[in-house]
Amino acid sequence: MQLWIRPVAALAFALTVLIGCQSSKHVPAMQRPVGRTSVSIVGDQFYINGEATYKGRLWRNHKIEGLLMNSRMVQGIFDDQNPETVSRWAYPDTGRWDPERNTTEFIAAMPEWRRHGLLAFTINLQGGSPQGYSREQPWHNSAFESDGSLREDYLNRLERIVNKADELGMVVILGYFYFGQDERLKDEGAILNAVDNATDWVLNHAWRNVLIEINNECDVRYNHPILQPDRVHELIRRVQERTRTNRRLLVSASYGGGTIPKPNVARTADFLLIHGNGVSDPNRIAEMVRQARAVSGYRGQPIVFNEDDHFDFDKPQNNFAAAVSEHASWGYFDPGLSNYQDGYQCPPVNWGINTERKRAFFNLLAEMTGSPPVRGVVANPDPAHTRPAPDLQTPRANPLAPVNPITTAAQATPLKRGQVQVSRTNYHGWANSILMSNGSAEIIIVPAIGRIMQFRFTGDEDGPFWENRSLDGKAPDLAASDWINFGGDKTWPAPQADWGQIAKRGWPPPAAFDSMPAQYRIEGTTVMLVNSVDSNYGIHARRFIELDPDKPVMRVRTQYEKVSGNPVRVGVWVITQLDDPVLMYMPAPNPSPYPEGFNRQSDKLPLGLETTDGMLTMKRSRQDSTKIGNHAGALLWAGEEELLLIESPRVKNAEYPDQGSSAEIYTNPDPLEYVELELLGPLQNMQTGSSIERTCTYTLFRREGDLDRQARRILSATR
């Protein structure tokens, strides 16, 4: 870290983090791509790109093929134009609402939904109740002006979402109207204008992956008669009659919980939408499907639940299973509590799979559809549910035998040579932590704080990574104004000198890069940590962590993906906090642009800094914080019993931050007795859709004989 803009550290255990996501800039409309995903209907089945969905899939002898599993995600483009209510949706870290951040985080979560078998989601141009269930709706959330014309800001956000769905092979169930907001349109003429404008906007794109829901629950409190049950079929037909190049949209309208579609809709709609809200008996769900098929005018269309707030996913009988037993598609509805944690409807929404309830749905969905199960927590894990999620991994998905969760290295199952095992553990109070072991070394990863917390020899109680034990088991404080220094290994965007301009603060580090919970995925013996998107940089970081099967070697590939916002010039920066060392070693490349073999980044220099035979050695000062950097591609930390080498070779002729530094060493004064070994990647221009990455290799050694001789031998092998 750049010392000259870091505040002087006080008592470490008192430091907490403010995750500062400022309001995003307006995102212009994207170039329209050729549609890659095409949804169609054959009989009572959905097809994607000419093939039945979940082709050939059976679950408990029930046919899954042709179904469209979905979730209600209606607030993906939400905003509130009422200044008196907009503060209700403020993010806890910034104290303000940000519609662009909401959409960016929605898009970032979509690949995980799809990976676990979700093929569709419902989104609405007038959203849904941001309080879950509410009668009065003073907020103003509508993509329509009062005359039925369209708001560009809403369309830009929706376009980004539909494009991403098209890329992922997903279907968008696009709702036009929502009760409580339909009165924002002045009369029936405005309703007709809105329908025409929205339909033409979809048709004018190349998308083939959009289904239309005229309105959510047409039988519930709509002001305009044409949106009510007796006349809503007129709008269904109106959409069907608008075409482009002989192409039209597939259309329906939904009904309130427990209600069966009326004959006028059954005769007209391309598919039937029903809701299971409030239906607590799964047998009633199955009966609703049978009754819908018996409605006068029913023509064999697919039947889709696209809203149901029933959550007994751990029981043999639940609404999801009951719908599937009658070959009807089912949609998950989890309203939440406006706490940036629970549910998918009450802003600010955490769009990740981050609570027990969400994981339970996605795990059952994965089981039904033959997709990989959910592996762990994502952003903002639910502190009220601390027990590890059940491991549903099958032998086919992972050739390694599952390992029972363990709490200490001494309890680990003995491993055969050349084998890596990955398990979950409660590490110092952090549930759903991950332990990787090969019998000689082990890695501990804590998604709850987005860090690699330890890399050590098997059997050692401690390792070289510094851990702030006063913060064991604690979560980031989203309302705090200072930094929580947990320790471990992490990544920040370089250079720090740009943070003030891009992240709107010079310190603490940019929000999503530090101290926020991360998603994780376990695939074989690789663990992937996925940070939330930082709304200022428009970047989310992925870290792919591997343990060598035979050696005490960890490899971490850190990747930045730019998903939104203005172009930025940035480099991958990896920071490893380590215990107070005996010595630290930094090669002094020759030739060097620095007369002393290093560049100063602090007023004081590290204690005992010496240059001997092309090698810099130094210690931690107890009184002063210090920092130096140079062109090296490796750094070595030496403790009383072990050494840790960290390597990431420098790229020739590349531009580096911090006076051209690719390697840096920082030392912290008392009372926090730690140092940082930092390796940096080249600065690169990133635009939306681009990515950069950097791989660091960490190797543990036992101390043997003369320290200086051993250290030089290790570092000489890296040149």
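How many bridges pair β22 with strand β34 (residues 691-702), and in which sense, parallel or antiparallel? I found nine bridges, in the antiparallel sense. Strands pair when DSSP finds at least two bridges between them, and strands here are DSSP E runs of at least two residues, helices H or I runs of at least four, numbered from the N terminus.

**Ground rules.** I am reading a predicted model, where local features need pLDDT of at least 70, side-chain atom pairs count only at pLDDT 80 or more, and totals for chains, interfaces and linings use all residues. Residues are numbered from 1 along each chain as its sequence is written, and side-chain values use heavy atoms, with hydrogens and water left out.

**Strand β22.** I stayed with β22, residues 553-562. Across from R694 in β34 I found T558. Strand β21 (residues 539-547) also runs antiparallel to β22, joined by nine bridges. Between β21 and β22 there is a hairpin of five residues. I noted two facing pairs here: E546 has R555 as its bridge partner, and H540 is opposite E561. Buried means under 20% relative accessible area, exposed over 50%, and partly exposed in between, with a 1.4 Å probe and protein chains only.

**The sheet.** I then traced the open sheet of 10 strands, antiparallel in its pairing: β19-β20-β21-β22-β34-β30-β29-β24-β27-β26. At its edges I found β19 (519-523) and β26 (607-612), each pairing on one side only. On average, neighbouring strands are turned by 15 degrees against each other, direction ignored.

**Helix α11.** Next I looked at α11 (residues 707-716), which lies across β24, β26, β27, β29, β30 and β34 and runs at about 35 degrees to β24. Contact means heavy atoms within 4.5 Å. Angles run from 0 to 180 degrees between N-to-C directions, with axes fitted to C-alpha atoms, for helices over the stretch in contact.

**Helix α1.** Last, I checked α1, residues 99-115. Its 17 residues should span 24 Å at 1.5 Å a residue, and the end C-alpha atoms are 25 Å apart, which agrees. The expected span is 1.5 Å times one less than the number of residues. I saw that 14 of the 17 residues are buried. D98 caps the N-terminal end, with a side-chain oxygen 3.1 Å from the backbone nitrogen of E100. After α1 comes G117, with a positive phi near 105 degrees.

Conventions
A polar contact is a pair of N or O atoms within 3.5 Å; within protein, one must be able to donate a hydrogen and the other to accept it, and residues adjacent in sequence count only if both atoms are side-chain atoms.
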